[in-house]
Amino acid sequence: MIRGKGSAGTKQQEGMEGFAALFRHFRRILALNNRILEMIADLERALGGEYIYDRSFLRISVTGIVEKGRQVIYNLNAMAADRYGLLYERFTATADQLADILAGGPGPYGAQLVLEWEVLHRDLVHLAGGKGANLGEVFNTLKLPTPAGFVVSTAGYRRFMEANNLFARCNEILRDFSDAAERAGRIGKLFAEARLPDDLAAAINAAVKKMGAGPWQPDCFAVRSSGVGEDGERSFAGQFQSFLSVPAGEIGAACLRVMASRFSERLLGYVEADVSAEEAPMAVVVQPMVAALASGVLYTRDPNRPEAEVLVISAVAGAGETLVSGRDSGDRFQLSRSHPFNPRSSTIAVRASGTAMDGPDPAAPAVSGLRRGSGVVGLPVLRQLAEYGLQLEKHFESPQDIEWCLDSEGRLWILQSRPLRLRQSAVAGTPAHLAVELSRLPVLMTNRGHVCQLGLAGGRVVRVTDETPTESFPVGAVAVSRYASPRLAGIVRRAAAIITDIGSPTGHLATIAREYRTPALFGAGEATRLLADGVEVMIDVEERTVYQGRVELPAGLPAGNGMASWADNLEARQLRSLLRLIAPLNLVDPADPAFRMEGCRTIHDFLRFCHERAVAEMIDFHASGRQMSGGGPLLTADLPIKIRLIDIGGGLAESAGSRVETGQVTSRPFSCLLRGLLNEQAWDREPAPFGMRDFLSGLARPLTMLTNAPAYSGENLAIIAENYCNLSLRLGYHFNIIDCYLADEPEDNYVYFRFVGGFAEEGKRQRRAVMIGQVLAGLHFKVERKGDLVLGKAKMLERSHLESILVRLGELVAFTRQLDVKMADDAAMDRFFTEFLGRIGNEPFASGR
C-alpha cells in the first residue's frame, strides 16, 4: 500500500500508482528469477550425484523452468510497454530445443552436415564422435588451446553413405563373408567408387574457406577420425585412419578415406562380427596443421604405478607419429602432481646419431632434476603441460591420456584427451579407509557453510579476491575468498576446491563450480580467518569440514570428487545437454553491444537480460521526471538536509505519522543509507571556502543549465519499501540518486549510484567526480565518468556485503557535499580519498583502487 500523508495532486497520485504497479511486476520478476535459479541448481546438484533422478524428474523440472521463464518475459513487457516482444520468439525457439532433447532427439545440431568448432562439447558424441566432442569440450568449456577447425558430423557421414547406398551394400558383404580381410577388401572397392554428395562437399568446402579467412590461414590440415565410441569405453586407438599435412583441395577426399577406415581390416577384426554397417558411425575432425617443434603424450598418472603422485610426459622432436605408433620412445619425464610440479626423474632418449641433443653432458644432473641441456622440452613447458593435464583430469573425472604439441612460437596445443586406462587393482582406498585417514587430521573448520558442489579434495590454501589474476592461481590449490564473486570463475576452473565466507548455492559462482565439478563450500562465515594462506588442507564438502594436512586420494577416484562418477549414463548425458541450454551465462556485461535480445541463447541469458532491463525500468521511472512527491512524511533526524518519504509497502512502521523517526524506518536499504548519513564523522559542517572563480562559475550555471541534471530536481525524496529504496537528493548545486534493492538472495540485489554537478569551477568538479569514482570502484562498483557526471552499478551482492556498501554510500554522500570547492589540485583527490577512508574505515573496500 502506498503511504503518503496529506493530500496529493492528481499527477503525484498517478505517479505513485504507476510506480506501485511497476514495482509489483519487478518483485514478481525477482520471485520468478529466484525460483528458476533454485530449479537450475537442483538440476546441477542432481548431475553432481547428490541424489538419484530419472527422465520424469528432468521433464517436470525443465517444463517448470520454461513456464516460469515465460512469466518473467511477460512481467518485463508489462513494465516496459511491450518493448521486448522479440523475447517471446527467441525464448520459444530455446524451449523447442529443450523439448526435442527431452523427447530423445539429437538436439539443435542434429541435421547439420558440418559442425563448427564453437558448438562442440562432450555431449555431442553422437554427432561429433569421441575425439571431436572431447576436443570441443577442451576448447569451449575449459578454454584450453586446441587447433580450432570443424567436424564432418555423423549426419554428414550418413548422408554420404546413403547417397552411395553403402549401408545396404556393406551389410550384404558383412552378412555373406566372415573373413575380416575379405570383408575389408570388398567394402574398400565400394568406397573407391563412392563420391561425396554435392551438399556435403559444399558444406566441407565452405568450412575450409572460412578457416582460410580466419586467423590461422593454414596451408595444410590434419584430417582425423572421430568415431562414435572412439576414446570412450573402447578406445579404438590406432584402429581408424588419420591424415596429416593435407592440402585444402584434398580435404574432401581425405574425409572419404577416413570414413572408409570404419571398415578397415583392423577395425573389422577389432569389433564383434555381427556389428552392422549403421553401428559405430564415423565423424571426421578437420584442424589446421600445427608445425610442431616438439610433440608428445602426457599421462596424468603413471600407468605402471598409479598410486604414485606423479605425471608422466613423453616428448619427441617434431611431429609425434613415431611416439604414438611405438617407433620412438622419446624423452620421458616424471613430475610431481602438486604445484609447482617439480621434476622427479628424467630419461633422455638416444638420438639416431648415437648421442642426445646438442649440449653439455646429458649424464650430468642439473639442480632442477632434469639432465642439463638434453631434453626436447624445458621445465617451463613441462609445468604448463602438468597444469593442463590436471585441469583435464578434474573436468573429465578420470586420469587422462593427452596428446600435445609445441609450435615454433612456444605455444602448447592439446591434440587429444581421452581416459587413461589403469589396472583395476590399482584403485585402492575405500570410503571407510579415507574416513579413518581424515579422522586423524586436525579439524580447522566444521559445520560451516552451504554445500554448493559435493566433493573431497586437497591442496594448499591460496587466498584470493576478485582482483586476483586467474593465471597466478596455482592449479590444484584450494581457493579461499571473502566473497563468492562471479569474477572468480577462471580460478574455479583451476582450483581443487573453493571456500568463501559469504555466498549462496544459487549464485553465479555456485553454478560455475557445479559446471566444473569443483568442490565448493560457500557462506562459511570465517574461512578467511580460520584457513591461513599456504596451509595444506583437505575439504570434505558433504561433511562441511576442513582438515589440516593431506590424505592421498586413490588414483581411480574422479578428480576432486569423492563419489562415483555418473558422467556416462544416458540420463546424465541428457541432463548435461539440457543444462547447456539452461545454465550457462553468455550475457555478462550490460555495456557489451552483444547484450541484447538477439544475444539470449540460454534460459540463464533470458533471466539476466530481463533482470537487467527490469532494473533499468525502475531507475528510468525516477529519471523520467514523473512526479512522486507531495504529502509524504518528513524524516526527523539530525541531518543538515530534509528528506521526504513515500512508502510503497513495508518501508515504514505502522506507527509512523507525519514526521518519521529513524527507528520507524523498516526499509532495509534505506536504513543502511541512514546509518551512513547519520555518521557525524562523515560530515564537514564548516562553511565551504568558495573562491571568486567558484562563485562566478556557480552564477553562470543555474539549475536549468545543468544539462546532466536529472529531470526531477525537486526536494530530497526517498521512495521506500521493505527491500527497496530510491533516494533522490539535491545538495546545493549537485544531484545524487541512489537506487537499490536489498534482499536475502544475491541474484536480486543491485545498487545504482548517480552523481552530477556542483558549484565550483569545472576542474574542481571533475576532481571530485574522480575521487567519487575511486571510492565506488573500491566498493566493487562498475564505474563510468564523464566530466562531473559519475555513474556506478553493482549487482549480485550478498546481503551483508551490500548492507555495508550502502552504509559507505551514505557516508560518501555526506563527505562529498561541497567537497568540489576544496579540490584545488590533483593531489587533493588522493588526499581526500585517504581522509575519507580514515574517517569511516576500509571495510568493505577492495584491495586496490
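The pLDDT is the predictor's confidence in each residue, on a scale from 0 to 100. For this predicted model, local features require a pLDDT of at least 70 and side-chain atom pairs count only at pLDDT 80 or more, while totals for chains, interfaces and linings use all residues. Residues are numbered from 1 along each chain as its sequence is written, and side-chain values use heavy atoms, with hydrogens and water left out.

The chain has an average pLDDT of 83, and 84% of the residues score at least 70. With helices (H or I, at least four residues) and strands (E, at least two) taken as DSSP runs numbered from the N terminus, confidence is lowest in helix α20 (residues 692-699), with a mean of 45, and highest in strand β2 (residues 150-152), at 97.

Salt bridges (a side-chain nitrogen of Lys or Arg within 4 Å of a carboxyl oxygen of Asp or Glu) number 37 in the whole structure. One of them joins R580 and E137, with an N to O distance of 3.0 Å. R580 lies in helix α17 (residues 570-580) and E137 in helix α4 (residues 125-141), 443 residues apart. On the accessibility scale (buried under 20% relative accessible area, exposed over 50%, partly exposed in between; 1.4 Å probe, protein chains only), R580 is partly exposed at 23%, whereas E137 is buried at 2%.

A salt bridge also pairs R808 with E811, their closest N and O atoms being 3.1 Å apart. Both belong to helix α22 (residues 799-816), where a spacing of three residues separates them by about one helical turn. R808 is buried at 13%, as is E811 at 4%. Elsewhere, salt bridges with shared partners connect D123, E137, R576 and R580 in one network.
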